[in-house]
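This report describes a single model, shown below.

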Amino acid sequence: MNNEITGAEIVLKSLTEQGVEVVFGYPGGAVLPIYDTLFKQNSIKHVLVRQEGGAIHAAEGYARSTGKTGVVLVTSGPGATNVVTGLTDAMMDSVPIVCITGQVPQHLIGSDAFQECDTTGITRPCTKHNYLVKDVNKLSSVFHEAFTIAQNGRPGPVLIDIPKDVQFASGTYEEKNKIIIPSHRLFEPSPDFEKNKIEEAVKLISNAKKPIFYIGGGCINSGPKASKLVREFINMVGSPVTMTLMGLGVVGSSDKNSLGMLGMHGMYEANMAMHECDVMINIGARFDDRVTGRLDAFSPNSKKIHVDIDESNINKTINVDVPIIGDVKQVVEKMITVWKEKKFQIDDKALKLWWGKINKWKEVDCLNYNNEGKQIKPQYAVQRLYELTKNTKTFITTEVGQHQMWAAQFYKFEEPNRWLTSGGLGTMGYGFPAAIGAQVGHPDALVVDIAGDASILMNIQEMSTAVQYRLPVKIFILNNEYMGMVRQWQELLHGGRYSESYTDSLPDFVKLAESYKAVGLRAKTTDDLDDVINQMIETKNTVIADIWVTKEENCFPMIQSGSAHNEMMLSKGQKQDKKSAEKGKILV
Amino acid sequence: MNKSVYASPDQESETKRHILTVLVDNEPGVLARVIGMFSGRGYNIDSLNVAEVSNDENISRITIVTHGTSEVVSQIEKQLLRIVPVHSVTNLDQEGSSVEAEVALVYIYISDSNKKKVYQLCDLYRARKIENENNTTIFEIAGASERVNRFIKEIKEITKVEIVRSGPVAISSIKKNEEE
Ligand SMILES: Cc1ncc(C[n+]2csc(CCOP(=O)(O)OP(=O)(O)O)c2C)c(N)n1
Ligand SMILES: [Mg+2]
């Protein structure tokens, strides 16, 4: 019995063997034994957040910027319920997270004990898998399986709920390589099925006259090599490519084939090309409703290839012709091999015509905005931020709203994993803690949260975290004193009745920063902007840059809900036809 | 296909009854995961049946009767497979021929005037008498749901009854396997 250790020690040992370097957490009664063990060791760093919701977004930011699994440690009851939003966010955006929650001792479970809640019950629908560990001897195998499940196939959050008595109990530790995980609990694509489909797909691409690649976050989850291969393949074909919000950076913004982002606030040329293409190659995207617009008018004349690691995404909303279930990296590698082996070639003349058409659409200059006067336009602020940071290793996170879309439109991403935004869930309050996580993973990089005045207040308490750990995160607030995106919808769909979307009594963000012993800066006009951005970059401390932007700017182009890709609204003057506007109003 | 916020472009196929058998690891919470997937995504459960099938391997078989278009049912199958402890999902209707059976226990109120008719009907359906007390008899009837439905309909025409049904369990038929 000599090699028995406590449950809490098994937790730390498992994390160490899994290569975990940092845990984002917040203590409480039901995790005290784990915190006690944490105190006695040096290999794992703990970042103390100021609200558990911050811990899980920080872990997401860490995971998405490093490609590693983010780890969260919180107490029972309110600690656990505070991470529910973040778990759902990680579920929607496929982020590998292992979240450890304390639970009341087993003999109290079910008695409405202090800080008891049914954590596995509450989190079942918002985790990829979860566990309530009742036997200390199963703890290490649960941890090793949890890490594998979080990363395997389509990544996602996994939660481990550990009653306090299990943390105190003694048991044996089993090493990672001693654990056999039954194959049905993991994702194993069948290689033969793939191969046939791959040949079919590649042939279809070679016969295309108007191809387009539609690239999603799955390419980023498949690792940096996947992005390389995707770029290589697109180059070989010479096809235009568009990316989803989650896929930005897979193909560089300056790449000659890139049409930028598609979807509700995507590029005119990208959406038009999606509408008119004859072969669509979806790699790692899921036909999200923000991307497709009205389904019955979605890319009506194309054959569709869909590469996805999650079979449930196939034919979920859009029927496809050639589904391929598999990991992007492996599938695209095989596509390249087949393309070369069979000496496939695309019809150059047709492709040229296609590009001609696309270049015409580009002339519309859909991101054009009126940039007159001394008042800072939010678009201009992002453009200047990009120009002044493009030669630095920069990670951009965002909150949710207009600023998020302007960031996606005007900041140019050349590499994967540099852009962290809450796509599926659209969680205000994501960006700042995510930036903290990214900074922890990349201490020497520049990390900027492009924020809105409303969103930033959702997790502003994390200023204290950033300052404590000397994390020089920059918060770049496009301050329009409005919940701008809400105001925009109210303007377009609800007769301009700005119900509760004006944020009165905002704090003085400069003084707020100073009260946390961080640095506060402010730009009121275009004259201040570059100086403020440069000063922000040079400051070695946490910074809030309060950028006063025009208040009633709208984010265009826009496919209004209920409209199709070829029915984009380009600017304020344009009106959606009334019937589809009414239909669209009930949609989200 | 109807799971988007926007209307579906395709003509939907007709709604049909499907029997799904789902093999799962017999671990805590597994049934909640399966049921939660149905309620969370707005799918129907008409009946549900769970029992451990192989003691040593700790595997349970869940039989679910649902209805929906083939697109919806195919989505259900794929969503079930995403659940970590799920081993396999089989749509028995898709396989063509399967054998199904369910059990119903029926309280039948018997009087002198309907006694003969009740027993005749029970005989016809091979319903088995389990208990008898005063004017009440409990019968057990087993078989395909269709058959149970018919029995219930006919007995209700004769007398007052109370019914409890298990919902069907099903397995793919041997005959079909021989043909392959
Ligand atoms: C947690 C949460 N609550 C509500 C919303 C709905 N919502 C979407 S955008 C938005 C306004 C955001 O305002 P702000 O952060 O100032 O950004 P802006 O649009 O002005 O750039 C709201 C309330 C949300 N996305 N997340
Ligand atoms: Mg705002």
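This is a predicted model: local features need pLDDT of at least 70, side-chain atom pairs count only at pLDDT 80 or more; totals for chains, interfaces and linings use all residues.

A:Arg470 sits in the loop that runs between α19 (463–468) and β18 (474–479) of chain A. Its phi is near 55°, a positive value in a residue that is not glycine. Most residues other than glycine have a negative phi, and most peptide bonds are trans.

## Magnesium site and Glu481

Three residues coordinate the magnesium ion (ligand 2): A:Asp453 through OD, A:Asn480 through OD1 and A:Tyr482 through O, at 2.1 to 2.2 Å. Along the sequence these donor residues follow the spacing D-x26-N-x1-Y. A:Asn480 and A:Tyr482 are both buried.

A:Glu481 belongs to the loop between β18 and α20 (484–493) of chain A. A:Glu481 has a phi near 55°, again positive in a residue other than glycine. With a relative accessible area of 23%, A:Glu481 is partly exposed, because the buried class covers values under 20% and the exposed class values over 50%.

## A cis peptide bond

The peptide bond leading from A:Phe556 to A:Pro557 is cis, and its omega is near -5°. A:Pro557 is placed in the loop between β20 (543–548) and α23 (578–585) of chain A.

## Two further loop residues

The loop between β17 (446–452) and α19 of chain A contains A:Glu462. A:Glu462 counts as buried, at 1% relative accessibility. Leaving out residues up to four places away in sequence, A:Glu462 touches A:Val49, A:Arg50, A:Gln51, A:Gly54, A:Phe432 and A:Ile436. A:Lys390 is 72 residues from A:Glu462 along the chain, and the C-alpha atoms of the two are separated by 27 Å.

A:Tyr516 lies in the loop between α21 (509–515) and β19 (519–523) of chain A. A:Tyr516 counts as partly exposed, at 23% relative accessibility. When neighbours within four places in sequence are set aside, the contacts of A:Tyr516 are A:Ile460, A:Gln461, A:Met463, A:Ser464 and A:Val467. A:Thr542 is 26 residues from A:Tyr516 in sequence, and their C-alpha atoms are 9.3 Å apart in space.

## The chain as a whole

Chain A contains 23 helices and 20 strands. Its C-alpha atoms fill a box of roughly 75 × 60 × 45 Å along the principal axes. A compact globule of 588 residues would have a radius of gyration near 25 Å, and chain A agrees with this at 25 Å. Of the contacts between residues at least 6 apart in sequence, 75% join residues at least 24 apart.

Buried residues account for 61% of the 588 residues of chain A. The accessible surface of the chain is about 23,000 Å², and carbon and sulfur atoms contribute 50% of that surface. Chain A carries 63 positive and 68 negative side chains, with the centres of the two sets 4 Å apart.

Notes
Residues are numbered from 1 along each chain as its sequence is written. Chains are lettered from A and ligands numbered from 1 in the order in which they are written. Side-chain values use heavy atoms; hydrogens and water are left out. Helices (H or I, at least four residues) and strands (E, at least two) are DSSP runs, numbered from the N terminus. The radius of gyration is taken over C-alpha atoms; the globule rule is 2.2 Å times the number of residues to the power 0.38. Buried means under 20% relative accessible area, exposed over 50%, partly exposed in between (1.4 Å probe, protein chains only). Contact means heavy atoms within 4.5 Å. Accessible areas come from the Shrake-Rupley method with a 1.4 Å probe; for residues, only the protein chains shown count as cover. Lys and Arg count as positive and Asp and Glu as negative; His and the chain ends are not counted. The place of a charge is taken as NZ of Lys, CZ of Arg, CG of Asp or CD of Glu. Donors are N, O and S atoms within 2.8 Å of the metal (3.2 Å for Na, K and Ca); water is not among the atoms, so sites may look incomplete.
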